[in-house]
Amino acid sequence: MRALQPLLFLLCWVLMLGCAHESTVSFLDNHGGFSHAGRRIELHSDGSYSDTGYTDVIGNESVEHGVYTLNIEKTHLTLSPASGEVEHLYRVDYGRQQYWVHEQERRRITQSGESWLRQISLRVDAP
């Protein structure tokens, strides 16, 4: 048993290092599920992301992975999935919230009558 202790210690250390390596930097979520399809994006510190689509139906969840870039001003996010098309999202500050939307929605989301667009759009969440 004593001979296994160093090996177990090393294994635990490697597992902890691996978990710390992929820490989440930011969450973007539209809080869907019942009234509209949900989407949650987790941006990781290593430049990768996971994009989860979900609804209120248990087990109805899909996850895609890829890499992202965020410009220095943190206003333009580019998602490059492992398969599929690149997606460009832009940060729009409105009220006390940050929204991440496609280019054609940047101006529209700040209009007073667009509460539905603000409800279904990705918002910054605390990790």
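Trainee: Which residues does S26 touch, leaving out those up to four places away in sequence?

Mentor: S26 touches I41, E42, L43 and V124. A contact here means heavy atoms within 4.5 Å. S26 itself lies in strand β1, residues 24-29; strands (E, at least two residues) and helices (H or I, at least four) are DSSP runs numbered from the N terminus.

Trainee: What kind of model is this, and how are its residues numbered?

Mentor: It is a predicted model, in which local features need pLDDT of at least 70 and side-chain atom pairs count only at pLDDT 80 or more, while totals for chains, interfaces and linings use all residues. Residues are numbered from 1 along each chain as its sequence is written, and side-chain values use heavy atoms, with hydrogens and water left out.

Trainee: Why is S26 called buried?

Mentor: Buried means under 20% relative accessible area, exposed over 50%, and partly exposed in between, with a 1.4 Å probe and protein chains only. S26 has a relative accessible area of 17%, and therefore counts as buried.

Trainee: How are β2 and β3 connected?

Mentor: Six bridges join these antiparallel strands, and I41 stands opposite D51 in β3. The two strands form a hairpin with three residues between them, and G47 in the turn has a positive phi of about 90 degrees.

Trainee: How many bridges join β3 to β4?

Mentor: Seven bridges join β3 (residues 48-54) to β4 (residues 61-70), and the two run antiparallel. S48 has V67 as its bridge partner, and G53 stands opposite S62. Their hairpin has six residues between the strands, with G59 taking a positive phi near 85 degrees.

Trainee: What is the bridge partner of V67 in β5?

Mentor: V67 is bridged to S80 in β5. β4 and β5 pair in the antiparallel sense over five bridges.

Trainee: What makes up the largest nonpolar core?

Mentor: A nonpolar core is a set of buried Ala, Val, Leu, Ile, Met, Phe, Trp, Tyr and Cys residues joined through side-chain atoms within 4.5 Å. The largest one has 10 residues, L28, I41, L43, Y49, Y68, L77, L79, L89, W100 and L122. β2 (38-44) and β5 (76-81) each supply at least two residues of this core. A second, separate core of five residues includes Y99, V101, I109 and L117.

Trainee: Where is confidence lowest and where is it highest?

Mentor: pLDDT is the predictor's confidence in each residue, from 0 to 100. The mean is lowest in helix α1 (residues 5-21), at 41, and highest in β5, at 98. The protein chain averages 84, and 81% of its residues score at least 70. Over residues 4-20, pLDDT stays under 50, and the model has zero contacts beyond four places in sequence for them. Where pLDDT is low, the predicted coordinates should not be read in detail.

How values were computed:
Pairing = 2+ DSSP bridges.
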